[in-house]
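Trainee: I would like to go through this model feature by feature. Can we take it in short turns?

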Amino acid sequence: MTISQIPSPCYVLEEDLLRKNLTLIKSVKERAGVNIILAFKAFAMWKAFPIIREYIPYSTASSIFEAQLAYEEMGSPAHTYSPAYTEKDFPGIMKYSSHITFNSLAQFERFYPMIVAAGNRISCGIRINPEYSNVETDLYNPCAPGSRLGVIRSQFGSSRTSFPAQLPAGIEGLHFHTHCESSSYDLEKTLVHVEEKFGDFLHQVKWLNMGGGHLMTRKDYNVEHLIGLLQNFKKKYPNLEIILEPGSAFLWQTGFLRSKVVDIVENKGIQTAIVDLSFTCHMPDCLEMPYQPAVRGAESGNNGGCHVYRLGGNSCLSGEILWAIGRLTNLCKSATILFLKI
Ligand SMILES: Cc1ncc(COP(=O)(O)O)c(C=O)c1O
């Protein structure tokens, strides 16, 4: 199929690139002896689940609908974490999950009796906040001051008394998520803080979920260092099943968002190309983070140099403007734009 045959706008996933990432992730899982599961937050294109399942059979969900997706389309119960569960959703969350992580001790106390009443088949965890993250953008930093995500150590009691504090009965796992497009060296630094703050708990639980943000499929990621780090951590805590739940790493550079220029407008000498999609809807993190997308596929006029385009989304949000870089020398009406995350 050629680009012109693909409808616009359209997310296009390239299967061979996806399989390449899956092969790498599966090999890390096997060599490090950990469990790696897919975070739907980054990727919930369920038509691709049969391919993913060939390599990685489990997933993590953050809502009842994602948990249902895991159960029905991935074919396995979810590891579920949500900042807050409600009475209305919790029976469904239980139905579709093998693991449920709570964001606060109050949420655990409120819903754990329902898990016990239903036969205790679900493994419960609590999200911890190690108060350290290398993520600099506050919007994506779960350890920013006043963060609502995870329980800080002082809320459990002291770890520095001669008697270790006890986790509430029923908590079998700990979960932290503090990374975003991070390296294995970032994880190494985080683990120092996790051990310093929660080391006594690590001996009490059965599993430790290290969250997402491990961008192991990026070219410069040191996979060997990650494997060694995880192996050493496992040696130190042989009681622990280690779980990683990346999302972006599965999808990293496996496709593009095809779109088309539908108009070019001008205001006091500033030109904006309006495309047939909405950034806030189709690529929100390019406004939020903000990431700068690259434009791939300069079919004509490719002179090898890079250009910067002012692109506008097809919505009424005034600030829906992106600067994108690419090689199309002459961005004209009906030009094809293939957005890539860089
Ligand atoms: C709790 C949790 N787990 C996993 C992920 C996936 O992260 P990433 O796609 O950066 O790997 C996220 C992303 O926000 C998250 O909040």
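Trainee: In which loop does Asn120 lie?

Mentor: This is a predicted model, where local features need pLDDT of at least 70, side-chain atom pairs count only at pLDDT 80 or more, and totals for chains, interfaces and linings use all residues. Residues are numbered from 1 along each chain as its sequence is written, and side-chain values use heavy atoms, with hydrogens and water left out. Helices (H or I, at least four residues) and strands (E, at least two) are DSSP runs, numbered from the N terminus. Asn120 lies in the loop between H5 and strand S7 (123-127).

Trainee: What phi does Asn120 have?

Mentor: Most residues other than glycine have a negative phi. Asn120 is not a glycine, yet its phi is positive, at about 60 degrees.

Trainee: Is Asn120 buried, partly exposed or exposed?

Mentor: Buried means under 20% relative accessible area, exposed over 50%, and partly exposed in between (1.4 Å probe, protein chains only). The relative accessible area of Asn120 is 40%, so Asn120 is partly exposed.

Trainee: Where does Glu131 lie, and what is its phi?

Mentor: Glu131 is in the loop between S7 and strand S8 (171-175). Glu131 is partly exposed, with a relative accessible area of 41%. It is not a glycine, but its phi is positive, at about 60 degrees.

Trainee: Which residue just after H3 takes a positive phi?

Mentor: H3 covers residues 64-74. Just after H3, the positive phi is about 85 degrees, and the residue is Gly75.

Trainee: Which residues of H3 are buried, and what covers them?

Mentor: Ile64, Glu66, Ala67, Leu69, Ala70 and Met74 are buried in H3. Contact means heavy atoms within 4.5 Å. The cover includes helix H2 (49-53), strand S4 (59-61), strand S5 (78-81), helix H4 (90-96) and strand S6 (97-102).

Trainee: How many aromatic pairs are there, and how do Phe108 and Tyr112 pair?

Mentor: Rings of Phe, Tyr and Trp (its six-membered ring) pair if their centres lie within 6.5 Å; planes under 30 degrees apart count as stacked, over 60 as edge-to-face and the rest as tilted. The count comes to 13 aromatic pairs. For Phe108 and Tyr112 the centres are 4.8 Å apart and the planes are at 25 degrees, so this pair is stacked.

Trainee: Why are Phe108 and Tyr112 separated by about one helical turn?

Mentor: An α-helix has 3.6 residues a turn, so residues three or four places apart point the same way. Phe108 is buried at 3% relative accessible area, and Tyr112 is buried at 19%. The two residues are about one helical turn apart because they are four residues apart in helix H5 (residues 105-117).

Trainee: Which residues form one aromatic cluster with Phe108 and Tyr112?

Mentor: Both residues belong to one aromatic cluster.

Trainee: Which residue lies over the face of Phe201?

Mentor: A charge sits over a ring if NZ of Lys or CZ of Arg is within 6 Å of the ring centre and within 35 degrees of the ring normal. Here the distance from the ring centre is 4.2 Å, and the residue is Arg153.

Trainee: How much space lies in the largest cavity, and which element gives the largest share of its lining?

Mentor: On a 1 Å grid over the protein atoms alone, a cavity is a set of points where a 1.4 Å probe fits but cannot get out, and lining residues have an atom within 4 Å of a point. Grid points are joined across faces, edges and corners, and a volume is the space filled by probe spheres set on the points. The largest cavity holds about 40 Å³. The largest share of its lining, three residues, comes from S5.

Trainee: Which residues does Asn209 touch?

Mentor: Asn209 is in strand S9 (residues 207-209) and is one of the residues that line the largest cavity. Asn209 is buried, with a relative accessible area of 2%. Not counting residues up to four places away in sequence, Asn209 touches Leu174, His175, Phe176, Ile243 and Glu245.

Trainee: Which peptide bond to Pro290 is cis?

Mentor: Most peptide bonds are trans. Pro290 is in the loop between helix H10 (285-288) and strand S13 (293-296). With omega about -5 degrees, the cis bond is the one that joins Met289 and Pro290.

Terms used
1 Å grid on protein atoms, 1.4 Å probe; cavity = no way out; pocket = protein on both sides within 12 Å on 5 of 7 lines; lining within 4 Å.
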